[in-house]
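Morning, everyone. Please have the sequence and the model up on your screens.

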Amino acid sequence: MATALAAPARSPLRLRMPRLSTSRVTFAVAVVWLAIVAAAALIPGLLGPGDPAALDPSQVLTAPGEQALLGTDHYGRSVLTLLVHGARTALVIGLAATALGLVLGGWFGLLAGYLGGWVDMLVGRVVDMLMCFPGVLLALVIASGLGASTTNLIIAVGISAAPGFARVMRGQVLSVRSRLYVEAARSMGFGSGRIIVCHVLPNALAPSAVLATVTVGTSIVAAASLSFLGLGVRSDVPDWGQLLSMGQPYLASAWWISTFPGVVLTLTVIAVSLVGDWLRDRMDSD
Amino acid sequence: MTDTLLRLNGVRVELDRGSTTIPLVREATLEVGRGEIVCLVGESGSGKSVTARTIMGLTQLDAAMRVSGTASFDGTDLFALPPVQMRRLRGRELAMVFQEPLSSLDPVFGVEFQLREALRRRERLSRTAERARLRECLAEVGIHDGDRVLRSHPHELSGGMCQRVMIAMALLARPRLLIADEPTTALDVTIQAQILELIDRLRTEEGMAVLLVTHDMGVAAELADRIVVMYSGRVVETAPPQEVLAHPAHPYTAGLLGSIPPMRGPRPQMLPTIGGSVPDPSRVPDGCAFHPRCPRAAAECSEQSPAFVPLTGGAVACWHPLVEESV
């Protein structure tokens, strides 16, 4: 009896279906979605016609429909146009903050891992300390200290991402620096600087690159959260987090103002992390 | 010997573990003459590789390692040399080939880049001249489709190929001393023979001295001008190969030779082995470190460490050597 029951579970059909097709489809959807977001960021006029700042008092709080595809907010601005123009803010902040975190954290992680000793101790303690705060909280503290502007938002989110990079980089450098080719390079008389740049860094970079893709997603969320709390971009810059927060008082009457930015934000972050997973699988295989 | 290139005298390497120090090499005394092949033989854990790395100045880069004794290379005291000058010697006067060819090359870069890097340590040439020199050097180590190999990445090459590339890389420096740390251990037997033949040929053609670290007595007997036997961090016997093969003086050397299956004559039912294993460097027995495993051990062996006494063509550190002293 038991074998008869167990048999269908092992049928090739049930095993294969979810594995092959859905992962490919979701990956394709993720790539397409990111392409749309990237297109919106590069040429917003193409997807979201009109000026995002244009107010139309006659069109205040219009529900999604023929007049406005995704509705309008309480100033009469088109939600679609705002979302399209907000893509640039999201991507710029996500990429710039990640780059900052990668360079800052990666640099310290590299030094700590390669030099060891007290440098490693010091960097390790600082990283532990920063890691105690949840990422967004740390960014919040930094952002409130610096004041609200796009640059400060990038700095705040970037710094809060740095400890993660420092750890990943340090661990990888520790493993790479004991590899034989590093010793071989040393036996050829190369100095530390050259060995770090030519042999340690290129071989230690892959895990940080994977972390970077994930961090782009979390940075977009972190930036949106700070904007939601009023610590983000200036109010005249279109931004998803800000739109989300502006729509909040109207949630009962005009659900679309907050809902669409939330959906767009979620989809973007999921798409980024799917691409990150794919990248990780590719990098692991070698 | 007047024409000595490298002379190690009482080299000691200790790992500083804070509360204790662990001696990895207790006493390494050996000489390598110009154009000579010296084989450093011993079981795993006898300190051969550490000795080799110490000559290159690589052990010293680890802050926890303490090195004492003297190492003179062509009159220069290697251990007294400032790090910057030591670095200048590496890759020019001294070169090293490692045990695992597949992991000695950086997987990120192509072979050409890495060879070029090594060549530029020695001389600056135009790009085309560099390429010609690389191809020529690869031909020297028996790689005739140099262009294909130059275009390859390390993972596309076999172990034997990688080791040839590593040797070519060492040769680009035109070193006066090549240190080869078990260069053939990771390779199969036919490739092993080719690589050893190559080292022997290059020694003759280029006149460079070779310190070959190996655990294979057969390899040592074949290639060496002199064999240096290490046990538990100490050099216990040095002698020319014919002496070692005919009359090993140290019971340990005799044990190593005894455990090689005979090529001619009847095969023994059981191959003789040396019982036990090399002592843990942190718990080296008193007296002669070999006494717990030695068939000839007597009372004094466990009390005092035997001094080095000269023999015909070599020297031995043993209270009861298998051959009579001939001073």
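Start with burial in chain B. Of its 327 residues, 43% are buried. Buried has a cut-off here: 20 or more other C-beta atoms lie within 10 Å of the residue's own, with 12 or fewer counting as exposed, anything in between as partly exposed, and the C-beta atoms placed from the backbone.

Now the ground rules. This is a predicted model, where local features need pLDDT of at least 70, side-chain atom pairs count only at pLDDT 80 or more, and totals for chains, interfaces and linings use all residues. Residues are numbered from 1 along each chain as its sequence is written, while chains are lettered from A and ligands numbered from 1 in the order in which they are written.

Back to chain B. It has 11 helices and 12 strands. Those are DSSP runs, numbered from the N terminus: helices are H or I with at least four residues, strands are E with at least two. The C-alpha trace of chain B spans about 70 × 50 × 40 Å along its principal axes.

Why does the radius of gyration of chain B agree with a compact globule? Because a compact globule with 327 residues would come near 20 Å, and chain B has 21 Å. The radius is taken over C-alpha atoms, and the globule rule is 2.2 Å times the number of residues to the power 0.38.

Next, contacts in chain B. Take those with a separation of 6 or more: 64% of them join residues 24 or more positions apart. A contact means that two C-beta atoms, placed from the backbone, lie within 7 Å.

On to where the chains touch. Chain A puts in 14 residues and chain B puts in 19 residues. On the chain A side, helix 8 (180–187) and helix 9 (192–228) each supply at least two residues. Which helix of chain A gives the most? Helix 8 does, with 6 residues. By class, the chain A side has 5 nonpolar, 6 polar and 3 charged residues. Nonpolar covers Ala, Val, Leu, Ile, Met, Phe, Trp, Tyr, Cys and Pro; charged covers Asp, Glu, Lys and Arg; the others, Gly among them, are polar.

Now helix packing. Two packed helices are described by the angle between their axes and the distance between the axes. The axes are lines fitted to C-alpha atoms, for helices over the stretch in contact, and angles run from 0 to 180 degrees between N-to-C directions.

First pair, chain A. Helix 5 (residues 117–132) and helix 7 (residues 150–177) of chain A cross at roughly 135 degrees, and their axes come within 9 Å. For the cut-offs: under 35 degrees is roughly parallel, over 145 roughly antiparallel, 65 to 115 roughly perpendicular, and the rest oblique. Helix 5 of chain A passes helix 7 of chain A in a left-handed crossing. Left-handed means the near helix is turned anticlockwise from the far one by less than a right angle; clockwise is right-handed. From helix 5 of chain A come A:V123, A:V127, A:L130 and A:M131, meeting A:P163, A:A166 and A:R167 of helix 7. That contact is 6 nonpolar, no polar and 1 charged.

Helix 5 (residues 127–140) and helix 7 (residues 159–172) of chain B pack at about 120 degrees, axes 9 Å apart. That makes helix 5 of chain B oblique to helix 7 of chain B. Helix 5 of chain B passes helix 7 of chain B in a right-handed crossing. B:C137, B:L138 and B:E140 of helix 5 meet B:A168, B:L171 and B:L172 of helix 7.

Last, some single residues. A:L61 is not a glycine, but has a positive phi of about 50 degrees. It sits in the loop between helix 3 (44–47) and helix 4 (79–115) of chain A. Buried or exposed, or in between? A:L61 is partly exposed, because it has 15 C-beta neighbours inside 10 Å.

B:S232 is not a glycine either, and has a positive phi of about 50 degrees. Its loop runs between strand 9 (226–231) and strand 10 (234–239) of chain B. B:S232 is buried, with 24 other C-beta atoms within 10 Å.
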